[in-house]
Amino acid sequence: MKKIISTVLFLSVCLLTSTQILSATHVVASPDGKLKVSITDQGGQLMYRVDKGNKAIIDPSILGMRFAAQHGFDADLVITESKTTSRDQTWEQPWGERRFIADKHNELWLSIQRNKPQLKFEIAVKVFNDGLGFRYQVPQQDELSEVLITEELTEFNMDENADAWWIPARKWNRYEYLYKKTKVNEIEMVHTPVTMKLTSGIHVSLHEAALLNYAGMSIEHRRGNNLVANLAPRPEGGLVMLTTPFVTPWRTIQVSDDAVGLVNSDLILNLNEPNKIGDVSWFKPGKYVGLWWHQHINERTWGHDGIHAATTEATIDMMDFAAKYGFDGVLVEGWNIGWDGDWYNNGDVFSFTETYDDFDIKDVAEYGRKVGVKLIGHHETSGNLTNYENQIDAGFTLYEKNDVAIVKTGYVADGGKLKRIDKEGIARYEFHDGQYNIGHHIRVLEKAAKHKIAINAHEPVKGTGLRRTYPNWVSREGARGQEFNAWAVPPNGPNHVSDLVYTRMLSGPMDYTAGAFDLRPSERPPVNEQMGRHDKRSRIEHTLAKELSLYVTIYSPIQMVMDLPENYEARPDAFQFIQDVPTDWSESVALSGEVGEYLVIARQDRNSSDWYLAAHTNAQTRTLTADLAFLGKNKNGVDQNSEWEAQIYRDGSKADYDTNPYDIVIERKTVTPKDSLSFNLGRSGGAVVRFVRR
Ligand code: NOJ
Ligand code: CA
């Protein structure tokens, strides 16, 4: 292994004052030798570059940071020590896209000194076959005990003005935007993951891993193809307040020969620490229904002052529906005091323990026990972090008593407007990816774990693989989800999911809330005049088969079955797929795809030998073919002659999201791993197959 890592001393001599100082270039390569990271301190500045084979990916780019009260790591730098190590291990996920994850990488560690004044920091770089991560490590030292970071200098100086897919950062709607495709030099201030395609076909995605006690990194374009880190600010000034020793999150660069290589990469998880909260076998992946879509399509209200959705009776009805079709939970939103009036701005008055008089949590839990369905909890904070933190123990205690094992949290406040009250009683307003809120999420997870509760955060900070360390962080929103199709103009549209799978989904599970069976809810007759319905342009611009495919293409260990029961019962044949599809996988293989265009992916159920295959396309019709070789290589061994029943749900010949979205063909075929299946997908269409071993 040591042979693969070449730490090269590059003896270029430069004159600094009157002393001769040796500048050094250290190189570390991936285990397959293809990806190479070089770091140099030439000229007293720390720079790195990334090459894949003979192709430059990232040209020399600055590393470093600046502080408010001390000199920064930005000049007079010299690498004083280096060390290389390797790892080749496999670890097991309690739940996930795959059960076993290979962590095979080479690591370079450098100690760097600033000479005048003397300050020290370190860089760790881990290079995998599918990308790399590096982070700053600042040891404890007298001159730097408390620091306020005012700038992180990390650059990503792209070698090429590649195509890039991104959503804007630091805007009012947090992460809930449609993706834009531009050239690198037209990137604005953007969230990560930001994904790029080079002319060679190589795909690169910039993101971060293990975002803990730091501020989220956005990416900003500067001149040429240069992208730079831009951290979310603190309301009191500066970016991040820390005491040494500390480490930053990993700055990650996924590099793949094709688009699906990004989807198949485990880099982000590999750069997170192992499980810190112990046994999580109490968390069961599964599917849930809810009193949720009702509110979004103006069928019922969150508040008690309208047609209240969250009544004991309605919850019990939903529990019956869940039990009948084998779903595990019922999400109820609007059961607690605080929803009346303008709930978006009600963060100060939400109670997490007091129910409205038409909702009896004990009765509901007791009924759930009888029929084997659990209540899924809901804590909407409307962005008041302090109000929530003050009640969180009581809130989780109440839920635990009533068998709640998953809580959906919510932070609907505009970007930069999460409220917290500081020690002096001053209201401070935070970004969703600001340092304080990152700590808030962790506090919530730790408290929840004590009550054996898993968290599904909406309006969260982006995922950075912390589900490995805190496996009760089971899902999150953090992108435009189904709700936009209820009330937004424009809705998510035909292209959104094809963008999501190569961008947002690289950061981890998403609670997209799939399963719309009535694709035009705004056309339902209004419940009453006052409620009305939303603009007719708000609709689901997918075919029915594409909506089914989301259960496989958009990974989450908990999946919502979001539509009204009557809409499912009107189409029992297609509904069968939602009852069958699992949410926990032993293996996942993205087979083909292009960013923003399409995806074909196969996953094997973790609890049976069944495989699932899903395909979807954007607004273009497309014929997609999947080689079924994966059926031969499953966890029960290799069997090329095995026979499988393929239960197929695909677009019919006239399927089209706009003109004929319900045209679906449901058929069965016998196949073997030597076969392939082709699908003719309509505009914004899809297909999904369950393979059952014969
Ligand atoms: C926004 C969430 O994304 C949605 O799912 C929820 O219903 C509302 N907030 C209310 O909490
Ligand atoms: Ca949302």
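Of the 694 residues of the protein, 63% count as buried, where buried means under 20% relative accessible area, exposed means over 50%, and partly exposed lies in between, with a 1.4 Å probe and protein chains only. This is a predicted model, in which local features need pLDDT of at least 70, side-chain atom pairs count only at pLDDT 80 or more, and totals for chains, interfaces and linings use all residues. Residues are numbered from 1 along each chain as its sequence is written, chains are lettered from A and ligands numbered from 1 in the order in which they are written, and side-chain values use heavy atoms, with hydrogens and water left out.

The protein contains twelve helices and 42 strands; these are DSSP runs numbered from the N terminus, helices being H or I of at least four residues and strands being E of at least two. Its radius of gyration, taken over C-alpha atoms, is 26 Å, close to the 26 Å given for 694 residues by the globule rule (2.2 Å times the number of residues to the power 0.38), so the protein is as compact as a globular protein of that length. Along the principal axes, the C-alpha atoms fill a box of roughly 85 × 65 × 45 Å.

One part to follow is an open sheet of six strands, whose order is E33-E34-E35-E42-E39-E40 with antiparallel pairing; two strands pair if DSSP finds at least two bridges between them. The edge strands, each pairing on one side only, are E33 (585-594) and E40 (664-671), and the twist averages 15 degrees from one strand to the next. Strand E34 (residues 598-605) pairs with E33 in the antiparallel sense over eight bridges, and Tyr598 in E34 is the bridge partner of Glu594.

Two helices accompany this sheet. Helix H10 (residues 544-553) packs on the sheet and touches E33, E34, E35, E39, E40 and E42, contact meaning heavy atoms within 4.5 Å. The direction of H10 makes about 125 degrees with that of E35; axes are lines fitted to C-alpha atoms, for helices over the stretch in contact, and angles run from 0 to 180 degrees between N-to-C directions. Helix H12 (residues 572-580) lies across E35, E39, E40 and E42, at about 120 degrees to E39.

Elsewhere in the description comes the calcium ion (ligand 2), which is coordinated at 2.3 to 3.1 Å by OE atoms of Glu176, Glu459, Glu477 and Glu483. Donors are N, O and S atoms within 2.8 Å of the metal (3.2 Å for Na, K and Ca), and water is not among the atoms, so sites may look incomplete. Both Glu477 and Glu483 are buried.
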